[in-house]
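Subject: Structure for you to look over

Hello,

I am passing on the structure we spoke about, with notes on what turned up in it. Please open it beside this message as you read.

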Amino acid sequence: MKIAAHLNWIYSRPQVIHTLTHLSFHQNLNRFREPDKQQKAMLKAMISDETTYMALAVHTNKIVGYAIVLPPEKDERWRKLSYLRMLGVIEVAPDYRGHKIGQTLLHNLFKHEELENIIVVSLEYCWHWDLSMTNGDPFLYMHMLKHVLQSSGFEEYETNEPDIACYDVNFLMAKVGSRITKEQLNTFKNLAKLY
């Protein structure tokens, strides 16, 4: 059975807020914190900031996957650029993996026209990865994750971000909106290697 064909895909702001308010996260969406706490954090982010975007995958009245783009944390170097946002989380419940749900979440997320004015940065840290998917092999997981991100137009960029530099498998990728100027892109590239 093709699970993806039986999912509902939600990405418009009002529908995302409504879904986060009325449905529950799958019990195994727990890579970052307990599912109910993560759901509350995602709802708070969506309500409090109009520059936050989210896509959801829903199956039988449960949220089984999500991806979110939001502003950088106040203490991050990326905050210096008004046209930069972070791919905060992409997570799919284990029972639903292997069906291109992550790719579809990203595809739906980037249907937001406003993101064409934005550079979306993804900082990938191995300590957040579910390495059971790759029998504990972080390099295999890294290649899989890069493939998922590349399918939505992300490209790898050099950085000296300390948390990226401390492990060979950590990496930074970014999706550059079509309306980003060459000057804006160069400013981003310089910021990535600033420290």
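N61 is not a glycine, yet has a positive phi of about 60°. N61 sits in the loop between β3 and β4; helices (H or I, at least four residues) and strands (E, at least two) are DSSP runs, numbered from the N terminus.

Some ground rules. This is a predicted model, in which local features need pLDDT of at least 70 and side-chain atom pairs count only at pLDDT 80 or more, while totals for chains, interfaces and linings use all residues. Residues are numbered from 1 along each chain as its sequence is written, and side-chain values use heavy atoms, with hydrogens and water left out.

The sheet around β4

β3 and β4 form a hairpin with two residues between them, and T60 in the turn has a positive phi of about 45°. The two strands pair in the antiparallel sense over seven bridges, pairing being called when DSSP finds at least two bridges between two strands. Y53 has V69 of β4 as its bridge partner. β4 also pairs with β5, in the antiparallel sense and over six bridges; here L70 is partnered by M86 in β5. Strand β2 (residues 24–25) runs parallel to β4 and is joined to it by two bridges, with S24 opposite K62. Seven of the nine residues of β4 are buried, which leaves the strand mostly covered.

Helix α2

α2 has 14 residues and spans 20 Å from its first C-alpha to its last, close to the 20 Å expected at 1.5 Å a residue (the expected span is 1.5 Å times one less than the number of residues). Its buried residues are P35, Q38, Q39, M42, L43, A45 and M46. Seen down the helix axis, these fall within an arc of 160°, so they line one face of α2; the arc is that of the directions from the helix axis to the C-beta atoms. On the other side, K37, K40, K44, I47 and S48 are exposed. The cover over the buried residues of α2 includes α1, β2, β3, β4 and β5.

The cores

In soluble globular proteins, nonpolar side chains tend to be buried together. A nonpolar core here is a set of buried Ala, Val, Leu, Ile, Met, Phe, Trp, Tyr and Cys residues joined through side-chain atoms within 4.5 Å. The largest has 47 residues, of which L20, M54 and L109 touch the most other members. Two or more residues each come from α1 (13–22), α2 (35–48), β3 (53–59), β4 (62–70), β5 (84–92), α3 (101–109), α4 (138–150) and β8 (171–176). Another core, of 18 residues, lies apart from this one, and Y83, M86, A174 and F188 are among its members.

Leaving aside neighbours within four places in sequence, L20 is in contact (heavy atoms within 4.5 Å) with F25, Q39, M42, L43, M46, M54, L56 and I63. L23, in the loop between α1 and β2, is partly exposed at 21% relative accessibility. L23 and Q39 are 16 residues apart along the chain, and their C-alpha atoms are separated by 9.6 Å.

Other residues

S122 is in strand β6 (residues 119–124) and is buried, at 0% relative accessibility. Its side chain makes a polar contact with the side chain of E124 at 2.5 Å. A polar contact is a pair of N or O atoms within 3.5 Å; within protein, one must be able to donate a hydrogen and the other to accept it, and residues adjacent in sequence count only if both atoms are side-chain atoms. Beyond four places in sequence, S122 is in contact with L87, L149, F154, F171, L172 and M173.

K100 is not a glycine but has a positive phi of about 60°. This residue lies in the loop between β5 and α3 and is exposed, with a relative accessible area of 55%.

H128, in the loop between β6 and α4, is partly exposed, at 31%. Not counting residues up to four places away in sequence, H128 touches R31 and F32.

Regards

Definitions and conventions
Buried < 20%, exposed > 50% of the residue type's maximum accessible area, 1.4 Å probe, protein only.
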